[in-house]
Amino acid sequence: MNTAIQQLIRDEAARFLGRELTEEEWNQALPKAERKLQRIIDREGDANGKRLEPWYLGKLVEEAVIEEAFSRYTIARSLEIQAQRQAAAVAIEKAAPFGDPTTPTLYRPDKQLVNPTAKPTRRRMTNEAINLEA
């Protein structure tokens, strides 16, 4: 493919993206887009030459650039989540075990949080009586 056609394709891709492509993006996206175009043409045909026009390959280049960017984002986000989970697991392992006398209590022992009268009460829920005890 000659350089004039490549420049047209690159310009179309830049127009679709709304910005210029970097060399790295271009070098990665163009071969992917060309392979995709060939698969489309083999399967569906060239649509009376429409799929052979530079704008069509430009659109496929744009798709390849977006696909790569999204892939990199999801991989980075996945690694970040894994790191957070590992840090949380380490923090849990380092935490004092439940029932450890050195762990400060959350509530004052003289405070009852549920049913401070400590006498059983009966409440009716639907058709059965439930005995609630403190």
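Let's start with Tyr56, which is buried, at a relative accessible area of 18%; buried here means under 20%, exposed over 50%, and partly exposed in between, with a 1.4 Å probe and protein chains only. Before going on, a word on the source: this is a predicted model, where local features need pLDDT of at least 70, side-chain atom pairs count only at pLDDT 80 or more, and totals for chains, interfaces and linings use all residues. Residues are numbered from 1 along each chain as its sequence is written, and side-chain values use heavy atoms, with hydrogens and water left out.

So what does Tyr56 pair with? The structure holds one aromatic pair. The ring centres of Trp55 and Tyr56 are 5.5 Å apart and the planes are at 70°, so this pair is edge-to-face. For the cut-offs, rings of Phe, Tyr and Trp (its six-membered ring) pair if their centres lie within 6.5 Å, and planes under 30 degrees apart are stacked, over 60 edge-to-face, and the rest tilted. Trp55 is partly exposed, at 35% relative accessibility.

Now to helix H2, residues 23–44. Helices are DSSP runs of H or I with at least four residues, numbered from the N terminus. H2 has 22 residues and reaches 31 Å from first C-alpha to last, close to the 32 Å expected at 1.5 Å a residue; that expected span is 1.5 Å times one less than the number of residues. There is a kink of about 25° at Ala29, shortly before the proline Pro31, where the bend is the angle between axes fitted to the seven residues ending there and the seven starting there. Ala29 is also one of the buried residues of H2, which include Trp26 and Leu30. Just after the helix, Gly45 takes a positive phi of about 95°.

Arg72 is in helix H3, 48 residues away from Glu24.

A second bridge joins Glu63 and Lys36, with the closest N and O atoms 2.9 Å apart. Glu63 lies in H3 and Lys36 in H2, so the pair ties together parts 27 residues apart in sequence.

Finally, Lys59 forms a salt bridge with Glu62 at 2.8 Å, and Glu62 is buried, at 8%.

Terms used:
Helices (H or I, at least four residues) and strands (E, at least two) are DSSP runs, numbered from the N terminus. A salt bridge is a side-chain nitrogen of Lys or Arg within 4 Å of a carboxyl oxygen of Asp or Glu.
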